[in-house]
Amino acid sequence: MLSYRCTSRCRHCIYACSPEWDGGWMSHEDLNLILKSLSGNIVPAPGGPDRVGLNHGLHFTGGEPFANFELLERAVLAADELSIPSTFVETNCFWATDFDEARGKLGLLKEAGLKGILISVNPFYLEYVPFERTENAIRASLELFGKNTFVYQLEYFQRFRKWGFRGTVPFEEYMTFEKRENFLRNVEFFLMGRAPYKLKELLKGYYPSRSAGAFFREPCVTPFLRPLHNHFDNFGNYIPGFCAGISLGDIRTLDDLARVGVDTKRRPVLRFLMDGDLEGLFCFARDYGYVESCDGYLSRCHLCMDMRRHLVSAADFPELSPEEFYRHLET
């Protein structure tokens, strides 16, 4: 993650990204340190190092990585020099103002060693990114990267084309085209990040609001500790999976972290989460003044995040990083 800064402030964003983030871009020094730490530990896509896969290789993301194209290009070059396999970039396509612009930027990245691209398409980006820019980027990507082009999510892209969308479309207007029962059909949607706060009333129609205790015995949507699809941000945080606002340690000292392990005595929130003990974390948060929401929770992730948001404001927990993430959840 080159930055949490983004040209959009999407209502569903897992990482609470926006243009307002104070935290800047990954420094060149940290970029080199992190890539060197990761090199040798990245598993290539099943088709080989020149192919890409959503859970293989290394992807550059944010925030919006194209908002600092110089840094993105430097990152791709550095990864290529370290022979890191299956590299790709994620983008909302705000920069693809026309086909030539899209092809020019992607051509530079391909020359630098980039193997593929993931293009984000959903109703939340559509509020900020004119749909024709998405089409420009997809057309240029297919020409340059071929099968290494992912459209996420293709279901929404097909709907937007069917309805002839042009320009940006406010979410409320989009929902006048969409049948309520179809909104989440055939798509992947995570009830974490901003979504439970910014989309709560809408999502109640799909997910029943439940008490905290109803989630104590449920497993996490994805395992908290896993060997694939983890994230590393511009502050050096090693983020387990999609669990934004949580740090296992400093990725810039990965060898030390691997050798010593996580110090759970100094990081009690991690101890509960690593043990899968959400009830224990609930009791711990309650000791710090947390009060269960009378409106209930939409998911286990929603409950976990709400408790962590309170704990950040109540005391200093180094594992709850970056703190700014929690301030941007409802903005």
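Q: Which residues is L114 in contact with, leaving aside its neighbours within four places in sequence?
A: Contact means heavy atoms within 4.5 Å, and with neighbours within four places in sequence left aside, L114 is in contact with F60, V76, T87, F88, V89, L109 and F145. This is a predicted model, in which local features need pLDDT of at least 70 and side-chain atom pairs count only at pLDDT 80 or more, while totals for chains, interfaces and linings use all residues. Residues are numbered from 1 along each chain as its sequence is written, and side-chain values use heavy atoms, with hydrogens and water left out.

Q: Where does L114 lie, and does it count as buried or exposed?
A: Helices (H or I, at least four residues) and strands (E, at least two) are DSSP runs, numbered from the N terminus, and L114 lies in the loop between helix 3 (99–112) and strand 3 (116–120). Buried means under 20% relative accessible area, exposed over 50%, and partly exposed in between (1.4 Å probe, protein chains only); L114 counts as buried because its relative accessibility is 3%.

Q: Which residues are buried in helix 5, and what do they pack against?
A: An α-helix has 3.6 residues a turn, so residues three or four places apart point the same way. In helix 5 (residues 154–162), the buried residues are E155, Y156, F157, R159 and F160, and they pack against helix 4 (131–145), strand 4 (149–152) and helix 6 (171–177). Q153, in the loop between strand 4 and helix 5, also counts as buried, because its relative accessibility is 11%.

Q: How many cavities of 30 Å³ or more does the structure hold, and what lines the largest cavity?
A: Rolling a probe the size of a water molecule over the atoms shows where empty space is left. On a 1 Å grid over the protein atoms alone, a cavity is a set of points where a 1.4 Å probe fits but cannot get out, and lining residues have an atom within 4 Å of a point; grid points are joined across faces, edges and corners, and a volume is the space filled by probe spheres set on the points. The structure holds two cavities of 30 Å³ or more, and the largest has about 230 Å³ of space. It is lined by 19 residues, of which M192, C243, C301, C304 and R308 are the closest to its centre, and helix 12 (residues 300–314) gives the largest share of the lining, five residues.

Q: What is the volume of the second largest cavity, and which residues line it?
A: The second largest cavity has a volume of about 50 Å³, and its lining includes S120, V121, N122 and F160.

Technical notes. 1 Å grid on protein atoms, 1.4 Å probe; cavity = no way out; pocket = protein on both sides within 12 Å on 5 of 7 lines; lining within 4 Å.
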